[in-house]
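Hello,

Here is the structure I promised to pass on to you.

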Amino acid sequence: MKECVIHREEHGHLDILHLDGSLDAYSFPRLEAALNQLRETNRNRVVLDCAGLDYISSAALGALIGFARRAREQNGDLKLAKLSPKIFNIVELLGFHKILEIHNEVDQAVKSFVG
Amino acid sequence: MGHEPDNQSHGGMVTLYTPLNYSYARIIRQAIVDLCVHAGMSEFKTAQFEMAVDEASSLIFSAQERSAPEIRDAALPGELSVRLYQDGDQVVVELCHGGEPLEMGESASPENWFGEDDLEATGLFVIRRFVDGLSYQRGTPLGHCLRMSKKK
Amino acid sequence: MNTESALCFLFMLLSLALAGALFFLVARNRRLRAMRDAMLQEKEVIYSFVHDVSEVFIGDGSADMDQLLKRVLFYALRTAKAGAGAIYLRGEGNKLEPRAITGIFPPLSGRPDPGIDRAVSKSQHVEDMVRRQPVVFGEGLIGTVADLGTAELIADAERDVRVPQYAEDFLKVRSLVLVPMRFQQEVMGVLAVVNRVDGASFVQSDLNLLQSLADQASVSVHFVRLREALDAKQRLDRDLEIARKIQSLLLPKHLPRIPGFEVAASNIPALEVGGDYYDVIPIDETHWGLAIADVSGKGISGAIMMAICRSIIRSTAVGETSPSEVLRAVNRLMRADFTEDMFVSILYMVLDTEASTLTVARAGHERPILFRGDGSRASEVVESPGVAVGLGLPEQFDRTLQDRSVTLRAGDVVVACTDGITEAMNARQEEWGVENFLEAVSVSASEGAHSVINNLQQRVVRFIGEAPQYDDMTLIALRKLP
């Protein structure tokens with residue numbers, strides 16, 4: 001239940017954001033700041049490592065979709081990896097799996113970026 | 001010996017009062033998760049109800065923020081009362097607040113989510129998706145009350 | 001054998017079998033009835049407990065933990081017919097603290113206390129003994145029950161080595177029951193009862209009843225704890241809010257105009273509002289005082305200390321052109337109010353607009369930097385000795401502190417900050433550091449004091465990123481107009 005810590009790991013042209021904690025409305029500004037920073041530096045290939053994510057709010061999901069959409073226009077994307085079963089259940093019931101690409105492992109998500 | 005009291009179903013109502021402030025959302029989430037697990041709700045359903053309650057709290061917090069910006073800076077910006085209890089095979093949450101009532105309008109499905117746009121619509125989508133019972137009553141003695149229930 | 005006797009025999013066998021079966025059924029029924037009665041009794045106890053406790057709980061929405069535990073203990077003693085009992089709850093670290101005690105409950109991790117004989121009120125003395133000895137998780141009877149999460153029934157305590165044997169009769173433990181209080185997977189405490197009032201030993205059914213009670217109570221205790229956490233957070237938030245308000249009253253809304261010079265300042269408060277402040281004070285027609293300070297305490301106490309410090313500086317500053325004299329007065333007047341660990345670092349500078357000199361007195365604060373405006377981009381640290389206010393002996397403070405003067409030429413910039421700036425940290429735990437500070441100033445020095453402040457602020461904020469700051473960041477800059 002703690003506030004989300006976002007740790008960015010550079011991987012060539014790609015960034016892996018490791019999430020640890022809860023992404024609720026209170027810690028939403030942190031996510032926004034991290035995504036904005038990526039956008040400003042034109043880095044639009046992102047994998048979210050959600051192994052340590054225990055909660056995600058609709059605002060955060062919306063921000064991820066927004067980023068993914070813009071990134072796709074630039075031949076990039078934002079993909080999710082290592083979602084816990086309960087978070088995956090939520091994402092699926094909300095229909096998110098149709099909008100964001102979800103992988104089991106981080107390296108699968110990384111490899112799925114072509115070019 | 002008489003009747004068989006069903007203390008499990010009408011047992012202990014949990015009441016919390018929190019300021020209308022996002023930093024308290026996690027305590028509300030903790031309370032609802034604890035009660036759901038204690039009631040025997042499955043992990044997935046607990047997570048769903050947790051999210052619905054959190055989204056509802058956020059709706060109330062942001063509605064108050066919009067209506068009275070100075071509330072954000074106040075030490076005790078008004079209160080949200082949170083009541084959690086079991087009722088038969090359901091877990092029930094009642095959120096009561098003062099100030100401006102919620103609009104409770106249309107939901108927006110994920111295809112239309114952009115993050116910056118209508119946050120209330122996205123929150124409502126989640127709530128409606130994840131609860132079994134939903135009602136909102138304006139102007140009760142306890143304030144405007146949002147009641148959500150979910151079967152165990 | 002004839003048919004009659006065979007039939008007789010058969011009949012006898014059948015009756016015996018029937019009698020046996022009947023007897024068996026009756027016995028089983030009696031057992032079942034006893035079980036049912038026990039369960040019903042258990043349920044009734046639980047029901048009335050829950051009913052009673054939930055009234056306490058719902059009541060005014062802010063249940064008192066101690067009141068709740070007293071109720072739980074009352075029911076526990078009544079149910080088990082025990083003479084005394086206690087409830088331990090998990091506290092700080094790995095300790096279990098006795099939160100409720102009823103009757104003469106002897107310490108179960110006991111060193112016998114010789115003082116007991118002299119005690120006027122023996123029961124009070126015993127209670128004090130128990131309260132003074134928190135139990136460590138895993139140690140002793142109570143600690144073990146908490147650690148393993150399993151209940152313990154000791155029917156004959158006087159023969160059990162784990163139980164302390166007291167010489168005094170009223171302290172003797174004859175039998176006891178310890179049950180863990182658990183919510184979901186976590187053990188939050190232990191309920192203990194000793195010595196049945198009727199002299200009998202505790203039995204398994206007593207343990208079962210107490211465990212049921214403890215299980216029910218644990219739910220309430222858990223949520224009361226959650227509420228306690230909520231109250232604690234609210235108090236903290238409220239304190240911070242008040243501290244913020246006090247601080248905003250302390251900082252100048254507008255900086256005065258100093259003829260021939262330009263002054264600018266900024267303060268970025270931290271999460272836990274520290275006690276930073278700055279001030280610009282008119283001393284006389286040709287002298288101005290510039291102060292910047294950092295208090296060791298945070299929150300309200302820090303803010304109040306800062307308010308006092310500001311008042312003393314302001315009142316002593318008028319007409320006094322030696323900054324070290326002002327700080328000596330501050331030290332003298334504030335010392336009395338400081339506790340052992342409190343101190344304030346202050347940098348106080350007096351500007352002489354006529355002579356164009358800046359005299360500096362530094363009580364343990366960060367050294368100010370002087371940038372020459374002659375195009376050389378040379379910078380020098382203005383050194384001057386002094387310890388922080390509140391540290392060491394007054395004579396030491398007075399002796400060490402000394403004024404130092406520098407002459408300011410056209411375009412020169414003096415910048416002072418609090419350590420929140422140079423020690424600002426980013427997510428990678430790196431400090432911003434003095435180098436970055438110097439670089440930021442040198443780049444913008446020629447554009448004026450306001451530019452310097454803005455530039456510094458922007459750079460440090462960008463450096464920090466999303467990392468939380470626990471120290472206020474304060475800056476003040478003075479420039480002699482070209």
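This is a predicted model: local features need pLDDT of at least 70, side-chain atom pairs count only at pLDDT 80 or more; totals for chains, interfaces and linings use all residues.

Residues are numbered from 1 along each chain as its sequence is written, and chains are lettered from A and ligands numbered from 1 in the order in which they are written.

Chain C has eleven helices and 16 strands (DSSP runs numbered from the N terminus: H or I of at least four residues for helices, E of at least two for strands). Its radius of gyration is 37 Å, well over the 23 Å that the globule rule gives for 482 residues, so chain C is more spread out than a compact globule (the radius is taken over C-alpha atoms, and the rule is 2.2 Å times the number of residues to the power 0.38). The C-alpha trace of chain C spans about 145 × 55 × 40 Å along its principal axes.

Chain C also holds an open, antiparallel sheet of six strands in the order 3-2-1-6-5-4; strands pair if DSSP finds at least two bridges between them. Strand 3 (135–136) and strand 4 (152–154) are its edges. Eight bridges join strand 5 (176–183) to strand 6 (186–196), and C:Phe183 has C:Glu186 as its bridge partner.

Finally, 25 residues of chain B are in contact with 22 residues of chain A (C-beta atoms, placed from the backbone, within 7 Å). Helix 2 of chain B gives the largest share of chain B's side, eight residues.

Enjoy exploring!

Notes. Two residues are in contact if their C-beta atoms, placed from the backbone, lie within 7 Å.
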